[in-house]
Structure formats: structure tokens, C-alpha cells
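Please look at the model below with its two copies side by side. The paragraphs that follow take up confidence first, then the relation of the copies, and then some local detail.

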2 protein chains.
Amino acid sequence: MPKDDVDRLARMFKALSNPNRLRLFMNLLEESKLDLAKGRIHDCFLVKLLGGLELGAPTVSHHVKELADAGLIHTQREGKQLICSVDPDGLAELRTALTLHT
Amino acid sequence: MPKDDVDRLARMFKALSNPNRLRLFMNLLEESKLDLAKGRIHDCFLVKLLGGLELGAPTVSHHVKELADAGLIHTQREGKQLICSVDPDGLAELRTALTLHT
DNA sequence: CTTACACTTCGATACTTCGAAAACTATCAC
DNA sequence: GTGATAGTTTTCGAAGTATCGAAGTGTAAG
């Protein structure tokens with residue numbers, strides 16, 4: 001496995017290595033499932049993403065950026081709000097790497 | 001998702017968040033595939049695990065411990081050597097968490 | 001234009017992690 | 001026993017990370 005690929009993977013894993021950030025991501029994953037059922041984009045701005053985490057706004061902003069930089073989520077401004085969604089490609093990359101049976 | 005589960009997952013991801021440690025794990029995963037084909041336990045002591053990483057022995061020892069503590073690998077002494085193998089349960093936990101379709 | 005809202009950037013502080021050197025332990029061969 | 005091999009523990013400095021408060025930016029509503 002090429003070094004660049006390992007580094008890229010490690011960066012994704014690092015983005016998920018913080019419990020609060022992982023919680024954000026899992027909440028977003030959960031939202032994604034709901035969206036699939038409802039067939040529409042969900043408005044998941046940051047406060048809702050928190051789900052009772054009680055982090056400050058700057059901290060959440062930072063975490064969202066980390067997840068986005070790692071290629072795990074997409075962000076997109078919509079008026080005042082920042083819409084986030086799981087990046088399926090990033091998710092697939094992780095799952096592929098963790099597959100025992102090539 | 002319960003807090004304990006998130007913390008446990010985060011710990012696994014953290015174990016894979018360092019490029020060198022991830023490389024160790026991927027090498028081990030590769031060995032596991034070979035073993036399945038050959039139908040026997042491979043002698044994968046630490047120097048072989050490195051695969052050209054050029055890390056010091058203490059560092060490797062530390063990384064192996066981290067992976068083991070996170071529940072991603074099993075270790076087992078065999079004479080002078082430390083035999084390592086991927087923990088399939090840990091792997092499955094990660095893959096389940098990263099599944100979009102419940 | 002002014003205000004309010006939602007997020008971002010900056011700067012500080014407390015904490016964690018990586019990798020190494022030195023010293024230690026356990027096992028095997030002789 | 002001695003010596004060699006394989007890995008561990010301790011400890012350290014350099015670098016990175018998490019979180020916050022204060023100040024800043026962009027957008028919408030009045």
C-alpha cells in the first residue's frame with residue numbers, strides 16, 4: 001500500500017479519533033439514514049449536530065472543518081447556516097481499507 | 001448511541017490515526033489474508049511487521065500496545081517473539097459503525 | 001443602516017502524542 | 001552460570017490538539 005494512501009487513511013481515522021468529533025459524525029450518519037428514508041436533504045446545522053454535547057461554537061466549527069478536511073463530510077453554506085452531509089466516498093474508502101477479504 | 005460505545009470506537013480510530021501504527025496494522029491485515037490462504041498462523045514478529053518503517057524498537061512496542069489496548073489486535077508470546085494477529089471482532093465493530101444502511 | 005444570528009478566526013492555556021535513548025526483563029543457546 | 005536476542009518500561013523534549021473567550025465576517029430581517 002502506497003505511503004500516500006496510508007497517510008490519507010490515517011488522516012481520516014484521526015478525524016474520527018476524538019469522541020466529540022466522532023459523535024458529530026455519527027449524528028450526521030444518523031441524519032443521512034433519515035434523509036434516505038425521506039428522500040430529501042436535511043437541514044442539519046451545527047447546533048442540531050451537537051445533540052447535547054455542550055461544546056462551544058468555535059470548537060464545533062473546528063471539528064467540522066477537521067472532518068471536512070479529512071474528506072469525511074461535505075459542507076455547504078445555505079443562508080446563515082452551514083449544511084453538512086456525510087461524504088459517501090470517504091466512508092467507502094474507510095470500509096474498503098478495513099476489509100479482511102480482498 | 002451510548003457514550004461508552006462512542007468512546008470505545010474513538011479509541012479504536014485513534015489507534016489507527018498514526019500513519020506508522022496504521023501501517024503496522026495494514027501489514028498485519030495483509031499477513032492475515034496470506035494466512036487464510038495458507039491455513040496457518042504466520043510468524044509475524046515485530047521487525048517483520050515494520051516492513052521498512054525504520055522505527056526504534058521502543059516505539060514499535062508502544063504502537064503494538066496501543067493497537068492491542070484498543071482491541072484491534074491480539075498479542076501472544078511465543079518464546080522470544082511476540083506473535084500478533086488482527087482481532088476480527090474489533091474489525092467488525094469498526095465496519096459496522098461505518099455502515100450507512102442500518 | 002442597524003440589529004440579530006450563525007458561524008469563523010485568533011490567541012491563550014492545558015493537555016496529549018510521537019519518537020528516541022537508556023535501562024530493564026524474559027527467553028533461548030551454550 | 002554467560003552472552004545474545006526480542007521486546008518492555010521509563011522518561012524526555014518537540015510538536016500537536018482540545019477547548020475556550022473575544023473579536024471578526026457574512027447573511028437576513030426590519
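Chain A has a mean pLDDT of 84, with 80% of its residues at 70 or more, pLDDT being the predictor's confidence in each residue on a scale from 0 to 100. This is a predicted model, in which local features need pLDDT of at least 70 and side-chain atom pairs count only at pLDDT 80 or more, whereas totals for chains, interfaces and linings use all residues. Residues are numbered from 1 along each chain as its sequence is written, while chains are lettered from A and ligands numbered from 1 in the order in which they are written.

Over residues 37-44 of chain A, pLDDT stays under 50.

Where the chains meet, 24 residues of chain B are in contact with 23 residues of chain A, contact meaning that the C-beta atoms of two residues, placed from the backbone, lie within 7 Å. On the side of chain B that touches chain A, helix H1 (3-15), helix H2 (19-38) and helix H5 (88-97) of chain B each supply at least two residues, and H2(B) gives the most, with seven. Because 96% of the interface residues of chain B are also interface residues in chain A, the copies meet through the same surface.

Within chain A, strand S1 (residues 73-78) and strand S2 (residues 81-86) run antiparallel and are joined by six bridges, where pairing requires that DSSP find at least two bridges between two strands. Glu78(A) has Gln81(A) in S2(A) as its bridge partner, and in this hairpin, with two residues between the strands, Gly79(A) takes a positive phi near 65 degrees.

In chain B, Leu53(B) lies in the loop between helix H3 (46-50) and helix H4 (57-69). Leu53(B) counts as partly exposed because it has 15 C-beta neighbours inside 10 Å, the class between buried (20 or more other C-beta atoms within 10 Å of its own) and exposed (12 or fewer), with C-beta atoms placed from the backbone.

Notes. Helix = DSSP H or I, 4+ residues; strand = E, 2+ residues; numbered from the N terminus.
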